[in-house]
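Here is a short note for a colleague opening this structure for the first time. Please keep the sequence and the 3D view side by side while reading.

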Amino acid sequence: MMENHLKEAFRLKNIVTLMMGLMFMAAGVSLSRIAGLGTSPIASIPNVLSYMMPLSIGSLTIIFMIVCVGVEIIFLKKKFSMANLLQIIPGSIFGMLINVFLSIFSFIQVTTYWQKLGLTVISIVVLAFGVYLEVASHSIILPGEGVAKAISIAMNKPFAKAKIWVDSSMVMVALILALVVFHSLTGIREGTVLSALLVGHVVALFKRWFADKV
C-alpha cells in the first residue's frame, strides 16, 4: 500500500502540481517577509531566527524542515517510513525557493503601514493558492504538515485539530524567541495572526472554485 502511494506521489502530474504549489507558497512567504508584518506559522520560527543569525530565512527554513522530520520520528517511532523521510526534499526546495523569490521581489518597496498590510493580504492569497496546489498534488507533503499528520496518528486525533496545535506551537515558539532575544515582536506580528486565521479559509475557497481542475 505504501509502495502504491509513493508511485502515485511521483507521477509527473503530481510532481508538477507539487512544484507549482511550492513556488506559490515560497512566493507568499517572501512577500510577507518583505511586508514586514510577520509570516505564516510554518515560516514564523525561521523568520524570527533570521533576525538573530547570519542566515537567510530560506536557509533556516530548510534546517527547520529537517527538524520537523526529526519530530515526526519521535511521534511515529516504528511507523516512521521512507515517505516521511522524503518530505525533506520538498522542504528543502521550499526553503531555496523562498530565497529565490526574495531576490526576485527585491524591487518591491513598502513604506506605509497600509502598503505593508496590503502586501501581507496579497501574500496570504498567494500562499493559500500554493497550499491548495500542494494538497491537490497528492504527492509528498511538507514536513510542517507531516508533523501534524504524525501527531494525528500518534495521538489518534483529527488531522485538522493536530494542525491547529502544530501551527499554534510554531507561533508560540517564535513569539517566545522574539520576546526573549529582542524584547519585542520582531519577526512575528499581526501578519502572522492574519495568516493563521485566513489561509485555511482561502484554501477552502480555491478548493471550491477549482474542484476537479487539478
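1. The structure is predicted. Please read every value below as computed from that predicted model.

2. About 50 Å³ of space lies in the largest cavity. The largest share comes from α7, with 4 residues.

3. The lining of the largest cavity consists of G28, V29, S32, G38, T39, S40, T120, S123, I124, L127, G191 and S195. What is its make-up: nonpolar, polar or charged? It divides into 9 polar residues, 3 nonpolar and no charged.

4. T39 sits in the loop between α2 and α3 (41-50). Is it buried or exposed? T39 has 1% relative accessibility, so it counts as buried; the cut-off is under 20%. Its side chain makes polar contacts with backbone atoms. A polar atom of the T39 side chain lies 3.3 Å from the backbone oxygen of A43. The T39 side chain also reaches the backbone nitrogen of S44, at 3.4 Å.

5. Around T39. Leaving aside residues up to four places away in sequence, T39 touches V29, S32, R33, S44, N47, I57, G187, G191, T192 and S195.

6. S40, the next residue to check. S40 too is found in the loop between α2 and α3. Its relative accessibility is 5%, so S40 counts as buried. Which residues does S40 touch, not counting those up to four places away in sequence? They are V29, L127 and S195.

7. Elements giving two or more residues to its lining are α4 (57-76), α8 (143-155) and α9 (159-182). The lining has 13 residues, and V71, V147, V166, S169 and M170 lie nearest the centre of the pocket. By type, this lining holds 12 nonpolar residues, 1 polar and no charged.

8. Aromatic rings. The structure holds 6 aromatic pairs. In one of them, the ring centres of Y113 and W114 are 5.7 Å apart and the planes meet at 75°, so this pair is edge-to-face. Y113 is partly exposed, at 37% relative accessibility. W114 is exposed, with a relative accessible area of 65%. Elsewhere, F24, F129, Y132, F206 and W209 form one aromatic cluster.

9. V110, a loop residue. V110 lies in the loop between α6 (88-104) and α7. V110 and G36 are 74 residues apart along the chain, yet their C-alpha atoms are separated by 9.1 Å. Which residues does V110 touch beyond four places in sequence? The list is I34, A35, Q115, K116 and L119.

Notes: Residues numbered from 1 in each chain as written. Predicted model: local features only at pLDDT ≥ 70, side-chain atom pairs only at ≥ 80, totals over all residues. Heavy atoms only, no water. 1 Å grid on protein atoms, 1.4 Å probe; cavity = no way out; pocket = protein on both sides within 12 Å on 5 of 7 lines; lining within 4 Å. Nonpolar A, V, L, I, M, F, W, Y, C, P; charged D, E, K, R; others polar. Points joined across faces, edges and corners; volume = space filled by probe spheres on them. Buried < 20%, exposed > 50% of the residue type's maximum accessible area, 1.4 Å probe, protein only. Polar contact = N/O pair within 3.5 Å; in protein donor to acceptor, adjacent residues only side chain to side chain. Contact = heavy atoms within 4.5 Å. Phe/Tyr/Trp six-rings, centres within 6.5 Å; stacked < 30°, edge-to-face > 60°.
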